[in-house]
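Visitor: Please take me on a close look at one part of this structure, the surroundings of the ligand. Which residues come nearest to the ligand?

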Amino acid sequence: MSHESPLDLLGVGIGPFNLSLAALADGVEDLDVRCVDERSSFGWHPGMLLEGTTLQVPFLADLVTLVDPTSRWSFLAYLRERRRLFPFYFAERFLVPRAEFDDYCRWAAEGLDACRFGHRVEAIRWDEAAGAFAASLIGPDGVGEVLARNVVLGIGTAPTLPAPLRALHDDDGPVLHSAQYLHRRDALRALDDVTVVGSGQSGAEVFLDLLRAQRPGQVRRWCTRSRAIAPMEYSKLGLEQFTPDYTRYFHGLQEPVRDRVLPQQSQLYKAISADTIAEIQQVLYERTIGGGWPDGVSITPNVSVASAAGIADGGVTLELREPDQGQAATLRTDAVVAATGYAPREPRCLRPLEDALQRDARGRLAIDAEHRLVTRPGLGGIFVQNAELHTHGVGAPDLGLGAWRSATILNAVAGREVHPLPERTAFTTFGLEHAA
Ligand SMILES: Cc1cc2nc3c(=O)[nH]c(=O)nc-3n(C[C@H](O)[C@H](O)[C@H](O)COP(=O)(O)OP(=O)(O)OC[C@H]3O[C@@H](n4cnc5c(N)ncnc54)[C@H](O)[C@@H]3O)c2cc1C
């Protein structure tokens with residue numbers, strides 16, 4: 001893939017966030033935007049597209065609607081093109097199936113001229129003579145180079161495992177990450193004893209899925225370091241922490257304050273939907289009809305995996321600790337599904353620019369209010385989507401803020417208001433407006 005004159009903006013990665021950017025840039029005459037992804041086609045967390053699961057945000061958090069509901073890339077436009085508007089209308093659903101969101105995004109990715117799959121961005125350097133970034137790409141035709149005055153990284157996050165489980169994790173082994181769940185589900189369902197670790201939304205969904213398929217004699221365990229199996233914040237004003245207003249407030253806080261606040265907000269983005277908790281309770285409740293207690297099920301919060309060891313028969317031994325009791329216990333299980341979250345992916349392609357990037361006291365990238373990395377003067381803009389949890393707060397991975405962030409970046413690149421954005425987005429006032 002080559003391009004003679006520099007692009008205005010090169011998007012690295014095509015997840016929902018850069019896809020939103022491509023959709024909002026579509027038809028903007030003075031912006032030449034291209035987005036590339038190393039995958040051969042679009043795919044949204046394929047290992048977790050479980051039947052019956054839905055988005056955790058209303059369908060209005062699609063690629064464009066919260067910025068431009070008239071865009072031809074809206075979720076409703078997708079339904080119209082698929083001739084499914086009437087069924088959707090009668091379904092009266094705000095939370096659409098996760099598989100449907102994946103299909104919607106694929107539809108957009110296939111329709112948008114700006115999107116190219118099968119191209120991995122290896123390295124990005126600044127080309128002084130061209131006054132642009134030079135991105136080297138590996139694609140089906142070999143290595144190529146693309147010039148772009150600005151770049152936006154939308155490379156997503158990578159699965160993480162706690163240290164004791166990391167060493168045992170591999171594609172076919174007894175320890176896997178929930179991101180791989182669907183690819184291994186049949187084999188897991190057949191095992192006598194499976195342990196799910198972690199109580200975010202993914203942990204709850206995997207446990208529920210295993211529970212539903214549980215056969216007599218099988219054991220299904222769920223343990224988590226969290227103090228309780230807790231629901232996600234979903235109150236109308238609580239959700240205002242996922243607005244541009246809150247993002248702006250959070251970005252304006254001092255770095256040590258942000259680092260103190262963020263871990264206290266796990267209920268906003270790491271907990272479980274109350275509906276999924278209710279579904280798990282319902283499955284267990286139904287098993288008590290006629291008397292007795294559900295066999296072969298354990299749910300244990302406030303325990304962490306202190307160590308793990310593979311055993312000869314292919315299973316795993318876990319040493320668990322309960323800090324409040326001061327107790328430890330060892331259990332043997334056939335497989336462990338680590339639903340232990342994701343961390344920002346290391347932006348390796350930026351290594352040639354390392355000297356030009358400013359980092360904070362903890363070595364993280366410094367990022368300005370418009371989602372632009374702070375660099376030495378004289379370079380184009382390097383923007384990030386979903387790598388700014390430490391600077392912009394809990395909304396960084398949230399789909400509901402994707403369109404707004406994409407529009408903010410496009411406005412910054414164009415140097416004009418391509419997409420008008422509202423000044424006020426929350427009824428809550430975050431911080432004191434007129435501090436003495
Ligand atoms: C199972 C799951 C469900 C979620 N559900 C919700 C939800 O309901 N609501 C919500 O608000 N949030 C949800 N999230 C959080 C978040 O919105 C998603 O993770 C979202 O996919 C993030 O999009 P992204 O564009 O940052 O990255 P990704 O979707 O991870 O896409 C990144 C892309 O970058 C590509 N890439 C990486 N490096 C390169 C490179 N060097 N060159 C080329 N391409 C590259 C990858 O191939 C990948 O396709 C969910 C997360 C998970 C894991």
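Guide: Of the 27 residues around the ligand, Asp-37, Trp-44, Gln-56, Pro-397 and Leu-399 come nearest. Keep in mind that this is a predicted model.

Now look at the polar atoms. Leu-399, one of the nearest residues, has a polar backbone atom 2.7 Å from an oxygen atom of the ligand. His-45 uses its side chain instead of its backbone: a polar side-chain atom of His-45 lies 2.8 Å from a ligand oxygen. How much of the ligand does the protein cover? Taken alone, the ligand exposes 980 Å². The protein buries 90% of that area.

Next, turn to the elements that build the shell. Helix H1, residues 16-25, supplies at least two of the shell residues. Strand E5, residues 120-127, also supplies at least two.

Follow H1 to its partner, helix H13, which spans residues 402-414. The axes of H1 and H13 come within 9 Å and cross at roughly 55°. An angle under 35 degrees would count as roughly parallel, and 65 to 115 as roughly perpendicular. H1 and H13 are therefore oblique to each other. H1 passes H13 in a right-handed crossing.

For contrast, take another helix pair. Helix H7, residues 201-212, packs with helix H11, residues 274-286. Their axes are 10 Å apart, at an angle of about 25°. Because of that angle, H7 is roughly parallel to H11. The crossing of H7 past H11 is left-handed, whereas that of H1 past H13 is right-handed.

Methods: Residues numbered from 1 in each chain as written. Predicted model: local features only at pLDDT ≥ 70, side-chain atom pairs only at ≥ 80, totals over all residues. Heavy atoms only, no water. Near = heavy atom within 4 Å. Polar contact = N/O pair within 3.5 Å; in protein donor to acceptor, adjacent residues only side chain to side chain. Areas by Shrake-Rupley, 256 points an atom, 1.4 Å probe, with all protein chains shown as cover. Helix = DSSP H or I, 4+ residues; strand = E, 2+ residues; numbered from the N terminus. Axes fitted to C-alpha atoms, helices over the stretch in contact; angles between N-to-C directions. Parallel < 35°, antiparallel > 145°, perpendicular 65-115°, else oblique. Left-handed = near helix turned anticlockwise from the far one by under 90°.
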